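The sequence and the coordinates follow.

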Amino acid sequence: MSDTSIKPIIAVTASALDQHTQKYIDGVERSNGEPWVVLPEHGVDASEFMAKANALVLTGGDDVHPSRFDSMPLATRTQTFNEPRDAMEVELLKAALNDDMPVYAICRGMQLLNVVLGGSLTELAGHSGTFTDDGEVDTVAYHRIFISPGSKLAAVVGSGGIVRVNSIHHQGVREAQKSPLLMAGAYSLEDGVIESLESPSHRWVIGVQFHPERRMELPPHFDRLFQSLVERAEERLFTTQKR
């Protein structure tokens, strides 16, 4: 019989422990998981990560450096990068995928998932909202997406069809950039940008381009993504304990 007092450990990667990261932490805690924030300066490698974590959350943040998917860095706009974070997350994500660990990839996280599995990214217009001078979100863009009824995303949130989501990004994935190892689970109705990616060869690897951690901006059934992730992590935890 499993010990239900033991919570699965959910690794949450980020650039800093700030108000944005706290929203992801809250999502994990509401779902009865134990968050473990992993920052680049912590020096966590794949072996330590695999020994401790039961699932991985890749959060939003700076752009993935173009050198990881394009030999010609985009020079048409000012971008912010965090190469130590890129290196850390690529290592941890590859380890998680190799061992079929549950992965929940949000915004930048979905983009990184696509890049790690051989895809690329493109510049987008109309998806980013506005920002203050110090880089904080001022206004959020919204648009409608279509969730494919047969997708893993639809199975988790409880339905397919059309729904409005938030949008805070200027890069993304279209069909031309999508990894051949991933399937699209949702699209923007306005311009066809991919809004969700999932792996058909893993039990639970889902990426979304929107931000379910910003709960007041989306329908409440998107909370089920954190809940489902923690449930899969709990299964992994107790399966590992029985070995």
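## Aromatic pairs

In this predicted model, a search of the whole structure returns three aromatic pairs. One of them joins Tyr-104 and Trp-204, whose ring centres are 6.0 Å apart and whose planes stand at 85°, an angle over 60 degrees, so the pair counts as edge-to-face. This pair links distant parts of the chain, since Tyr-104 belongs to strand β4 while Trp-204 sits in the loop between β12 and β13, 100 residues apart. Tyr-104 has a relative accessibility of 0% and counts as buried, and Trp-204, with a relative accessible area of 6%, is buried as well.

Tyr-104 also pairs with Phe-226, again edge-to-face, with 5.0 Å from centre to centre and 75° between the planes. Here too the pair links distant parts of the chain, from Tyr-104 in strand β4 to Phe-226 in helix α6, 122 residues apart. Both Tyr-104 and Phe-226 are buried, and together with Trp-204 they form one aromatic cluster.

## Nonpolar cores

The largest nonpolar core has 33 residues, and those with the most contacts inside it are Phe-49, Leu-56, Leu-93 and Leu-113. At least two residues of this core come from each of β2 (34-38), α2 (46-52), β3 (55-58), α3 (83-98), β4 (103-106), α4 (108-116) and β12. Helix α3 gives the most to this core, with seven residues.

Leaving aside neighbours within four places in sequence, Phe-49 is in contact with Ala-11, Trp-36, Val-44, Leu-56, Leu-92, Ala-95, Ala-96 and Met-101. Apart from this core lies another, of 29 residues, which includes Ile-10, Tyr-104, Val-156 and Leu-229. In soluble globular proteins, nonpolar side chains tend to be buried together.

## Loop residues and backbone angles

Asp-100, with a phi of about 55°, is found in the loop between α3 and β4, where a relative accessible area of 29% makes the residue partly exposed. Cys-107, whose phi is near 55°, lies in the loop between β4 and α4 and, at 5% relative accessibility, counts as buried because the cut-off for that class is under 20%.

Cys-107 is also among the residues in contact with His-211, which, leaving aside neighbours within four places in sequence, touches Tyr-24, Ile-106, Asn-166, Ile-168 and Leu-218 too. His-211 is found in the loop between β13 (205-208) and α6 (224-241), and with a relative accessible area of 6% this histidine is buried.

## Exposed positions

Phe-146, Ile-162 and Leu-189 make a nonpolar surface patch of about 260 Å². Of these, Leu-189 lies in the loop between β11 (183-188) and β12 (194-198), and at 38% relative accessibility counts as partly exposed.

Pro-84 has its place in helix α3 and, with a relative accessible area of 52%, is exposed. Pro-84 and Leu-39 are separated by 45 residues in sequence, while their C-alpha atoms are 9.3 Å apart in space.

Notes
Residues are numbered from 1 along each chain as its sequence is written. This is a predicted model: local features need pLDDT of at least 70, side-chain atom pairs count only at pLDDT 80 or more; totals for chains, interfaces and linings use all residues. Side-chain values use heavy atoms; hydrogens and water are left out. Patches are made of residues with over 30% relative accessible area and no salt bridge: like charges are joined within 9 Å, nonpolar side chains (Val, Leu, Ile, Met, Phe, Trp, Tyr) within 5 Å. Accessible areas come from the Shrake-Rupley method with a 1.4 Å probe; for residues, only the protein chains shown count as cover. A salt bridge is a side-chain nitrogen of Lys or Arg within 4 Å of a carboxyl oxygen of Asp or Glu. Helices (H or I, at least four residues) and strands (E, at least two) are DSSP runs, numbered from the N terminus. Buried means under 20% relative accessible area, exposed over 50%, partly exposed in between (1.4 Å probe, protein chains only). Contact means heavy atoms within 4.5 Å. A nonpolar core is a set of buried Ala, Val, Leu, Ile, Met, Phe, Trp, Tyr and Cys residues joined through side-chain atoms within 4.5 Å. Rings of Phe, Tyr and Trp (its six-membered ring) pair if their centres lie within 6.5 Å; planes under 30 degrees apart count as stacked, over 60 as edge-to-face and the rest as tilted.
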